[in-house]
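The report begins with a question and then turns to the chain as a whole.

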Amino acid sequence: MADRRPSIIGRIIKKPVIALLTLVLAVFIVAFVGNFYLVQQSSKQSDIYLSYANQLKVLSQQISKDAIAAAEGQLAIFPVLAENQSTFEAQLTVLRKGDVLKGVPASNAEAMAELNKIASLWTTASSQIDVILTNRDSLVSLRDVTGDLAITMSAIQQENNKVVAGMLRLNLPANQIALAQRQNLLIERMSRNVDKVVEVGATSNLIGNFERDSENFTKVLQGLSNGDRDLILAAVKDNTIQASLTKVEELFRTVSARMNEITTRSDDVLKVKLASQSLFLGSGEFINLFDRLTPKYNDTSMTVSYTHLRAHET
């Protein structure tokens with residue numbers, strides 16, 4: 001005759017207390033496994049958040065350094081600056097809006113409060129980066145023009161030295177020699193004005209100074225070549241000196257043309273310099289904001305674990 005004793009499960013079911021304890025144990029195991037999974041997922045997300053936040057912190061400082069280098073005319077840094085701008089924008093977007101492909105949701109509300117401040121600061125910084133990148137050609141042009149102008153100014157001084165030496169050799173009047181020597185001082189002063197225009201922009205004062213020196217230089221040059229009663233200058237008849245004066249006149253014509261180009265480009269370059277300075281000054285605020293952001297992600301996994309444990313306890 002077959003054994004009709006109830007199975008183990010059957011015996012448990014017939015004993016309410018054991019059945020209840022078994023159910024509680026099963027629920028606890030499921031809750032534990034579920035909580036463990038959630039904690040692991042949360043920890044993984046926190047690692048991604050922290051990785052991005054730390055990368056952005058470093059990137060914000062690198063961008064400020066790149067901006068300074070770009071303003072100094074280091075052309076190789078421009079594509080690097082553009083790439084860093086794009087990377088910063090992309091990673092900040094992940095922290096704020098999440099990434100479906102990576103399974104990363106948007107940051108929690110507590111972190112989002114700090115991210116909104118970072119995003120606001122980044123909007124300003126990104127626009128300043130755009131100013132730098134947009135005016136790259138002006139920076140290149142100004143660097144080339146000022147380099148050429150420096151060479152031309154030096155050539156004028158060298159040629160003018162020949163004029164002075166020839167006048168001394170001919171034992172011409174001292175007042176004429178003094179005016180010829182003064183030409184080199186005017187060239188030096190115009191060169192300094194060019195440097196200041198490049199540094200701070202084409203202010204009316206700097207342009208006025210350059211134009212006055214240019215007019216005085218031209219007047220003396222013409223007086224040495226053709227004579228000038230007001231300056232008490234007699235035309236120099238020596239062929240060698242006249243050849244040098246003609247050379248000086250040709251070179252100086254290019255100075256005036258170059259100065260007009262410098263004036264046009266200098267305002268754009270000044271924008272680049274101001275933008276780079278602003279980025280450098282704002283880099284410290286980025287550090288402060290990211291230092292306040294990272295603790296929000298360190299607490300994420302603990303918050304999730306504690307919340308789910310409390311939910312199962314109740």
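In which helix do E249 and R253 both lie, and how many residues apart are they? Both belong to helix α8, where they are 4 residues apart, about one turn of the helix.

The model is predicted, so local features are reported only at pLDDT of at least 70 and side-chain atom pairs only at pLDDT 80 or more, while totals for chains, interfaces and linings use all residues. Residues are numbered from 1 along each chain as its sequence is written, and side-chain values use heavy atoms, with hydrogens and water left out.

**Overall architecture**

The secondary structure of the chain consists of 9 helices and 0 strands; helices (H or I, at least four residues) and strands (E, at least two) are DSSP runs numbered from the N terminus. The order of elements from the N terminus is α-α-α-α-α-α-α-α-α. Among contacts in the chain with a separation of 6 or more, 76% join residues 24 or more positions apart, a contact being heavy atoms within 4.5 Å.

The chain has 314 residues, of which 39% count as buried. Buried means under 20% relative accessible area, exposed over 50%, and partly exposed in between (1.4 Å probe, protein chains only). The accessible surface amounts to about 18,100 Å², and carbon and sulfur atoms contribute 58% of it. These areas come from the Shrake-Rupley method with a 1.4 Å probe; for residues, only the protein chains shown count as cover.

Helix α5 (residues 136–169) has 34 residues and spans 50 Å from its first C-alpha to its last, close to the 50 Å expected at 1.5 Å a residue. The expected span is 1.5 Å times one less than the number of residues in the helix. After α5 comes N171, with a positive phi near 55°.

Helix α8, with 60 residues, reaches 85 Å between its first and last C-alpha, close to the 88 Å expected at 1.5 Å a residue. At the start of α8, a side-chain oxygen of D238 comes to within 3.0 Å of the backbone nitrogen of T240. Such a polar contact is a pair of N or O atoms within 3.5 Å; within protein, one must be able to donate a hydrogen and the other to accept it, and residues adjacent in sequence count only if both atoms are side-chain atoms.

At S266, helix α8 bends by about 35°; the bend is the angle between axes fitted to the seven residues ending at a residue and the seven starting there. S266 is buried, at 0% relative accessibility. Leaving aside residues up to four places away in sequence, S266 touches L142, V197, G201 and A202.

**Salt bridges**

Side chains of opposite charge can pair when their charged atoms come close. The whole structure holds 12 salt bridges, each defined by a side-chain nitrogen of Lys or Arg within 4 Å of a carboxyl oxygen of Asp or Glu. The table gives some of these pairs.

| Pair | N to O distance |
|---|---|
| K57 and D291 | 2.6 Å |
| D137 and R136 | 3.5 Å |
| E249 and R253 | 3.8 Å |

K57 and D291 form a salt bridge. Because K57 lies in helix α2 (residues 16–71) and D291 in helix α8 (residues 239–298), the pair ties together parts that are 234 residues apart in sequence. K57 is partly exposed at 26% relative accessibility, and D291 is partly exposed at 38%.

In the second pair, D137 is exposed at 53%, whereas R136 is partly exposed at 32%. In the third, E249 is partly exposed at 37% and R253 is exposed at 52%. A network of salt bridges also links E114, K117 and R292.

**Further buried positions**

M112 is located in helix α4 (residues 109–134) and is buried, with a relative accessible area of 18%. M112 touches L95, R96, A106 and S107, residues up to four places away in sequence not being counted. Between M112 and R96 the C-alpha to C-alpha distance is 6.7 Å, and they are 16 residues apart in sequence.

G223 belongs to helix α7 (residues 204–226) and is buried at 1% relative accessible area. With residues up to four places away in sequence excluded, G223 touches D228, L233, A234 and A235. G223 and A234 are 11 residues apart in sequence, with their C-alpha atoms 7.1 Å apart in space.
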